[in-house]
2 protein chains.
Amino acid sequence: MTGEQDHGIDDDQRDAGADGLVDLYGLLAYGELSASLRMSADASSADDIGVQEALARMAHTEFGHYELFAARLRELGHDPVSAMGPFVSAISLFHDRTTPRDWTEGLVKALVGDGIARDFTREIAANLGPEDQTFIETVLDDSRTDDAIVSLVTQQIAGEPTLGGRLALWGRRLVGEAVAQAQFVAAERDALTNLILGGQGAPGDGMDLAELGRMFVRLTDAHAQRMTRLGLAA
Amino acid sequence: MTGEQDHGIDDDQRDAGADGLVDLYGLLAYGELSASLRMSADASSADDIGVQEALARMAHTEFGHYELFAARLRELGHDPVSAMGPFVSAISLFHDRTTPRDWTEGLVKALVGDGIARDFTREIAANLGPEDQTFIETVLDDSRTDDAIVSLVTQQIAGEPTLGGRLALWGRRLVGEAVAQAQFVAAERDALTNLILGGQGAPGDGMDLAELGRMFVRLTDAHAQRMTRLGLAA
């Protein structure tokens, strides 16, 4: 948060920006922690060791991201558990409403969730100060572990012709539930929404909700491209 | 396996020793991988972020151990998935029969399972060559992450007087199921059992099953001491 003082931003706006940043890292931290746990839970029902291993490895990477976000919160003088608190119910609801019926759905959920989380984080990074931008790049730069999962999914689809249609529907449901929970969070957390929208204007004073809508469109477009690469209709 | 040749051990015995070692690492690798997944699955039902975090951190450590065992198997020229295969059903049965009813049982299971696995690994290390002994020490030397979990369990017991009795029973059930599955594995895998018993004698030729029994007694004694430290009757 250093540096902003020099640009003539008043105390209220600076505090709002700081609140938004704590919200952002709290959201990202709990998103990664819960993704790590749910992904492992989905993997434990798989009968194939390769599937278990691929999902466990991805869960391991997500926990590593959680640790980085929690460390950044502590650096900024905030308790990670308190910062995550406001996002537990929306994220848990998302997972409860999208519990995979089998490990193939679990693999698709891992890919879709990780992809949207990355795109969202990249979108927001542009609105942060240089120190946080560098930090976010370090997190996102983490080794890509998707390849094993992509090939497990495409193998399954190749071997079971009706599966593609079911997984395409599943992908749409995942995004629908994610957008629903994201809108709920945006409505509740002004400072975070303001940060997402580029930090123009203090919270509550006429935020450009159309811009938020455009961001959702960009995220769902990127999702559609990922589904196509998996051989699924988006 | 280098070095054994110089001690006049014949080819059959050396092969049996190598088979035992592959079995050992396959067992330990799948034990860690499945513990990591089941622990996370148990954590995902906890309503407390601190509990989720503590179990997720332990799961993360176990996955790290899995990766070390898998890497050692590859170093020895074996495919980790093939080496783990013979142990999937016994380990999965253990977990299916000991699915925690709540996260407190999940925490106790994590402590008990991790403790027994460490004691077992330490027992066996003495029977291995120097290179594998050093490797095992590296794995076991990993940071101790139990403290957070121990304090979560003792806090719960302090706040709920009837809980101690239930968790004491639960601890006994965990050990009973573990011993049952271990006996099943020992009966099926001669080369592994021979390695566990100190490598004296070729497989099948009058292994000292009483020694195996004594090892189980040592492991359950150590377990009883851990339960006592938790304030639970063993």
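This is a guided tour of a predicted model, stop by stop, with what to select at each one.

**Before starting**

Residues are numbered from 1 along each chain as its sequence is written, chains are lettered from A and ligands numbered from 1 in the order in which they are written. Because this is a predicted model, local features need pLDDT of at least 70 and side-chain atom pairs count only at pLDDT 80 or more, while totals for chains, interfaces and linings use all residues; side-chain values use heavy atoms, with hydrogens and water left out.

**Stop 1: chain A as a whole**

Select chain A and colour by secondary structure. Chain A has ten helices and zero strands; helices (H or I, at least four residues) and strands (E, at least two) are DSSP runs, numbered from the N terminus. In sequence order the pattern reads α-α-α-α-α-α-α-α-α-α. Of the 234 residues in chain A, 49% are buried, where buried means under 20% relative accessible area, exposed over 50% and partly exposed in between (1.4 Å probe, protein chains only). Contact means heavy atoms within 4.5 Å. Among chain A contacts between residues at least 6 apart in sequence, 77% join residues at least 24 apart.

**Stop 2: H2 against H6 in chain A**

Select residues 49-75 of chain A, which form helix H2, and residues 130-140, which form helix H6. H2(A) and H6(A) pack at an angle of about 165°, with their axes 10 Å apart. Axes are lines fitted to C-alpha atoms, for helices over the stretch in contact, and angles run from 0 to 180 degrees between N-to-C directions. H2(A) and H6(A) are therefore roughly antiparallel to each other; angles under 35 degrees count as roughly parallel, over 145 as roughly antiparallel, 65 to 115 as roughly perpendicular and the rest as oblique. The crossing of H2(A) past H6(A) is right-handed: a crossing is left-handed if the near helix is turned anticlockwise from the far one by less than a right angle, and right-handed if clockwise.

Now show side chains. From H2(A), A:His65, A:Leu68, A:Phe69 and A:Arg72 meet A:Glu131, A:Asp132, A:Phe135, A:Ile136 and A:Val139 of H6(A). The residues of this contact of H2(A) with H6(A) divide into five nonpolar, one polar and three charged. In this division Ala, Val, Leu, Ile, Met, Phe, Trp, Tyr, Cys and Pro count as nonpolar, Asp, Glu, Lys and Arg as charged, and the others, Gly among them, as polar.

**Stop 3: the rings around A:Phe135**

Rings of Phe, Tyr and Trp (its six-membered ring) pair if their centres lie within 6.5 Å; planes under 30 degrees apart count as stacked, over 60 as edge-to-face and the rest as tilted. Over all chains, the structure holds eight aromatic pairs. One of them, A:Tyr25 with A:Phe135, is edge-to-face, at 5.5 Å centre to centre and 80° between the planes. A:Tyr25 lies in helix H1 (residues 11-43) and A:Phe135 in H6 of chain A, so the pair ties together parts that are 110 residues apart in sequence. Both A:Tyr25 and A:Phe135 are buried.

Switch to chain B. B:Tyr25 and B:Phe135 form an edge-to-face pair, 5.5 Å centre to centre with 80° between the planes. Both B:Tyr25 and B:Phe135 are buried.

**Stop 4: H4 against H8 in chain A**

Select residues 88-97 (H4) and 163-188 (H8) of chain A, which pack at about 160° with their axes 10 Å apart. That makes H4(A) roughly antiparallel to H8(A). Their crossing is right-handed. The contact is made by A:Ala90, A:Leu93, A:Phe94 and A:Arg97 of H4(A) and by residues of H8(A) including A:Arg173, A:Leu174 and A:Glu177. The contact residues of H4(A) with H8(A) comprise seven nonpolar, one polar and three charged.

**Stop 5**

Select A:Ser34, in helix H1 of chain A. A:Ser34 is buried, with a relative accessible area of 5%. Leaving out residues up to four places away in sequence, A:Ser34 touches A:Ile91 and A:His95.

Next, select A:Arg101, in the loop between H4 and helix H5 (103-125) of chain A. A:Arg101 counts as exposed, at 64% relative accessibility.
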